[in-house]
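Student: I have a structure to read and some questions about it. Can we go through them one at a time?

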Amino acid sequence: MFESYNVPENLRPSDPRFGCGPSLIPTSFVASLLETGQEFLGTSHRKPAVKNVVKEVQEGLANFFQLDDDYEVVLGNGGATFLFDMIGLGAVNKKAGHFTCGEFSEKWYKSSAAIPWIEAEQFSVDYGKGIEGEDKSDCDLIAVTLNETSTGVQLAGIPKIDNETLLCVDATSGGGQCPIDVNSTDMFFLSPQKIFASEGGLFINIMSKKARERVLKIEGDKSRYVPPIMNWKTAITNSEKNQTYNTPALATLFFLNEQVKLMNKEGYASIQKQAREKADLIYGWAEKCEYLSPYITESSHRSVAVATIDVDDKVDVGGLLKRLADQKAVYNIDSYRKLGRNQFRIGMFHNIKREDLEKLTQILSGAIESTL
Ligand SMILES: Cc1ncc(COP(=O)(O)O)c(C=O)c1O
């Protein structure tokens, strides 16, 4: 259907990477890393060259999210999936309430449910729908997902919880541009390979005082086994010294720091506004074209970071995306693999330019309309 389609030269985006993570890392970051020559890569993470970068990341994120003084930015290896287990093992007193709406939020629930000495309850909606969390009197930890990357659903608000409960937010792919006040959460965790334009493998967990007190109390209960790699006290005390517990990937820290600096130049409010504008562009286009429709029907839950756009079954999306990738014009906008829909899933992360998204819509429409 699309074998002979050619992307018009004037529509070529400045960067073909529109994926939802791993995301576009600006080539200028790679050039800056190269410039560090013999001074950074190959250095111990206990030495100033690396600790200073970690410190800049921690301070930069605190500034970006305008964190209250009693928050700490805790870093460690393993990414968000690692934190799923670390939270279940070391942050839940008795019971976690998980609000789920897709693959990642379910995965987090399953991590908690697999731990025999805590309980976990799932509150779910069908894929394609959004869900807000709410306080549950028998749960001491509430787990919500800021941006469900598999379906393109974002939170439309966050629950009010009592003093005995922790509100934990998986902000892996939404943190930084989906609207939320981080100061009203207890744990807000990100992976750098999304909006923060770096490589994977690291977690960044922004923790309130209440959350730190909880995990340190559980750590004091020696009857509960927590693997040393998941020890919260170690993670927190090392982060206070601008270190991770074990050896991190230095390029990941470097790129992350570049992105935090870049985002701080613009500020959280401006970045949220730009995200809103890009989302309006993509959803507006999908609503206008009769062969497209936004997968998420509740507009308040349509993500400003990941747009999922259903495509008429007559269109061979797989064939189209292959042709565009063969021409090095557009990469990685396939539907989340397990969702299995005839769909585009388009990253609108901060480094993906609005002009490029506009060109993307024109390429996709041009290609599809050439076959109708
Ligand atoms: C919402 C969400 N949570 C968790 C993860 C897992 O992140 P990681 O690969 O850093 O473990 C992802 C990855 O895409 C995600 O999108």
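Student: Which domains does the domain assignment give for the protein chain?
Tutor: The model is a predicted one. Its chain is divided by the domain assignment, whose bounds come from an automatic or database source. The assignment gives domain 1 (27–266) and domain 2 (267–369).

Student: How many residues does the contact take from domain 1 and from domain 2?
Tutor: The C-alpha centres of domain 1 and domain 2 lie 27 Å apart. Residues count as in contact if their C-beta atoms lie within 7 Å. The contact takes 27 residues from domain 1 and 24 residues from domain 2.

Student: Which elements give two or more residues to the side of domain 1 that touches domain 2?
Tutor: By class, that side of domain 1 has ten nonpolar, 13 polar and four charged residues. The elements that give two or more residues to it are strand E6 (153–154) and helix H7 (250–266).

Student: Where does the largest nonpolar core lie?
Tutor: This core has 107 residues, and Leu141, Cys168, Met187, Phe189, Ile282 and Met348 touch the most other members. Domain 1 (27–266) and domain 2 (267–369) both give residues to the core, so the core lies between domain 1 and domain 2.

Student: Which residues is Cys168 in contact with, leaving aside its neighbours within four places in sequence?
Tutor: Cys168 is one of the core residues that touch the most other members. With the sequence neighbours set aside, the contacts of Cys168 are Ile87, Leu141, Ile142, Ala143, Asp186 and Met187.

Student: Which helix gives the largest share of the shell around the ligand?
Tutor: The ligand is surrounded by Gly21, Gly79, Ala80, Thr81, Phe104, Thr145, Thr149, Asp170, Thr172, Ser173, Ser191 and Gly200. By class, these shell residues divide into two nonpolar, nine polar and one charged. The largest share, three residues, comes from helix H3 (residues 79–90).

Student: Which residues of H3 are buried?
Tutor: A residue is buried if 20 or more other C-beta atoms lie within 10 Å of its own. In H3 the buried residues are Ala80, Leu83, Phe84, Met86, Ile87, Gly88, Leu89 and Gly90.

Student: Is the peptide bond from Gly21 to Pro22 cis or trans?
Tutor: Pro22 is found in the segment before helix H1 (27–35). Omega of the bond from Gly21 to Pro22 is near 0°, and the bond is cis.

Student: Is Ala197 buried or exposed?
Tutor: Ala197 is placed in the loop between strand E8 (187–190) and strand E9 (202–207). Its phi is near 50°, a positive value in a residue other than glycine. Because Ala197 has 26 C-beta neighbours inside 10 Å, Ala197 counts as buried.

Student: Is Lys328 buried or exposed?
Tutor: Lys328 lies in the loop between helix H9 (317–326) and strand E12 (343–347). Lys328 is not a glycine, yet has a positive phi of about 55°. It has 10 other C-beta atoms within 10 Å, so Lys328 is exposed.

Student: How many Å apart in space are Asp162 and Phe196, C-alpha to C-alpha?
Tutor: Asp162 is in the loop between E6 and strand E7 (166–170). With 8 other C-beta atoms within 10 Å, Asp162 is exposed. Asp162 and Phe196 are 34 residues apart in sequence, and their C-alpha distance in space is 31 Å.

Key. Residues are numbered from 1 along each chain as its sequence is written. This is a predicted model: local features need pLDDT of at least 70, side-chain atom pairs count only at pLDDT 80 or more; totals for chains, interfaces and linings use all residues. A nonpolar core is a set of buried Ala, Val, Leu, Ile, Met, Phe, Trp, Tyr and Cys residues joined through C-beta atoms within 7 Å. A residue is buried if 20 or more other C-beta atoms lie within 10 Å of its own, exposed if 12 or fewer, and partly exposed in between; C-beta atoms are placed from the backbone. Two residues are in contact if their C-beta atoms, placed from the backbone, lie within 7 Å. A residue is near a molecule or strand if its C-beta atom, placed from the backbone, lies within 6 Å of it. Helices (H or I, at least four residues) and strands (E, at least two) are DSSP runs, numbered from the N terminus. Ala, Val, Leu, Ile, Met, Phe, Trp, Tyr, Cys and Pro count as nonpolar, Asp, Glu, Lys and Arg as charged, and the others, Gly among them, as polar.
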